[in-house]
Amino acid sequence: MDAVVCHGKKDIRIESREDAALASNEVRVRVLVAGSGPIGILTMAALKFAGASEIVVTDLTDAALAVAADRIGADRTINVAEDAVGLNVYAEHGGYFDLAVEASGAASALRSFVMHNAPLEHLASGFRWLEGPVWFGDAGALIFSDIPNNRLMRWSESEGISIYRAGSDFANGNTRDREGRLVSCSHGARAILRTELDGHITTLADRYQGKRLNSPNDVVVKSDGTIWFSDPHYGIGTDYEGYQAEQELPCQVYRLDPEAGELTVVAADFDGPNGLAFSPDERSLYIAETGAMFDPAATPHMRAFDVADDNTLSGGRHFHTVDPGVSDGFRCDEDGNIWTSAADGVHCIAPYGRLLGKVRVPETVANVAFGGRACNRLFICASTSLYAVYLNRRGISQQILAVP
Ligand code: MG
């Protein structure tokens, strides 16, 4: 037989039925058949016979694949021809997953952004729904929100998982301000909260023009110290991730000047604003519209706004539509590529809006954050688990100005 089964860092060449049995047994989940025609079909048949649960081919036409699948009686076949070359076997080995990457075209830059000896790491499970990762380099730790469990979690390489704060007021998005303080979106308090260096918590904003905010969702801090956040209604719709309550304000995006205590609407034409992030030069602000999760009439997409010197926004053009899933949260790397959540993993979007490719993740991804010593480790909050992957890219430094 003439086929190669990609198995993590090594490729297994199939030359006999016994090899096929061994490969499919080891891989368990999925095998990639390189080759077409009679030999490819024979190989697929052998793998099917050996118990492979999915057979993935790289260079068959859909029609040819249908014929082949019919001949071998395949339950499920996947054709990854053309745009999705580079899909690797997707299999778990004790907490590590072979990196499964789909690059959009042979010339995709994503190929150089990932390292095939850097697996997708499964760091922890047992949560209900994770969001809001933020890296504390001085502590060597990641803080993130387990929203329905009403707690902030902490992960570090040396100590693993612990509860950072039980009773988090249903914190969602988190970030750090320029003095290194934790800034959190709180569904429960319907507010932006700042954890001071001595541990007490300050409410920075909970009302606009006398009315209560909805449920702040995601937050970023600009280099001038202003705090920008989205305020959809997601956290007050039920008692699962906050407290069910009446909506008093439209779903808007705000800029908070924490010195003056001034809250300003910067974008009002959203059904459900969600994740947001600045480009490296802070001349663009990307904001995700995910209102379609609750209102089918809303357009699910990421928008790009121009940021003027006086911190006003203009434009708001369509930038990219994530598919499948939504862009709940995202972060930029140093070159302005955007690493965003999606239903099938993390998608990497070029600064000009094109999908460069995907890093597949076993659970639906909600938010991501760069961290680690060189800011080259992408932490991934995905449903009930925390994952991480080292990339050949660095996130934008948080540029903390003063950490005592
Ligand atoms: Mg969000």
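Predicted model: local features only at pLDDT ≥ 70, side-chain atom pairs only at ≥ 80, totals over all residues.
**View 1. Strands S10 and S11 pair in the antiparallel sense over five bridges.** S11 covers residues 141-146, and its Ala141 stands opposite Phe136. Between the two strands of the hairpin lie four residues, and here Gly140 takes a positive phi near 60 degrees. Now look along S10, residues 130-136: this strand is mostly covered, with six of its seven residues buried.

**View 2. Four strands form an open sheet in the order S20-S21-S22-S23.** The pairing in this sheet is antiparallel. Which strands stand at the edges? They are S20 (219-221) and S23 (262-267); each has a single partner strand, so one side of each is left without a neighbour in the sheet. If you follow the sheet from strand to strand, neighbours are turned against each other by 25 degrees on average, direction ignored.

**View 3. Here we zoom in on S22 and S23, an antiparallel pair with five bridges.** Strand S22 is made of residues 252-257. To find your place in the pair, look for Arg255, whose bridge partner in S23 is Thr264.

**View 4. A cis peptide bond joins Asp323 and Pro324.** Its omega is about 5 degrees.

**View 5. Cys375 has a positive phi, near 60 degrees, in a residue other than glycine.** You will find Cys375 in the loop between strand S32 (367-371) and strand S33 (377-382). Is Cys375 buried or exposed? It has 20 other C-beta atoms within 10 Å, and therefore counts as buried, since the cut-off for a buried residue is 20 or more.

**View 6. Ser383 also has a positive phi, of about 55 degrees, although it is not a glycine.** The loop that holds Ser383 lies between S33 and strand S34 (385-390). Around Ser383 there are 15 other C-beta atoms within 10 Å, so this serine is partly exposed. That class lies between the cut-offs of 12 or fewer for exposed and 20 or more for buried.

Conventions:
Residues numbered from 1 in each chain as written. Pairing = 2+ DSSP bridges. Axes fitted to C-alpha atoms, helices over the stretch in contact; angles between N-to-C directions.
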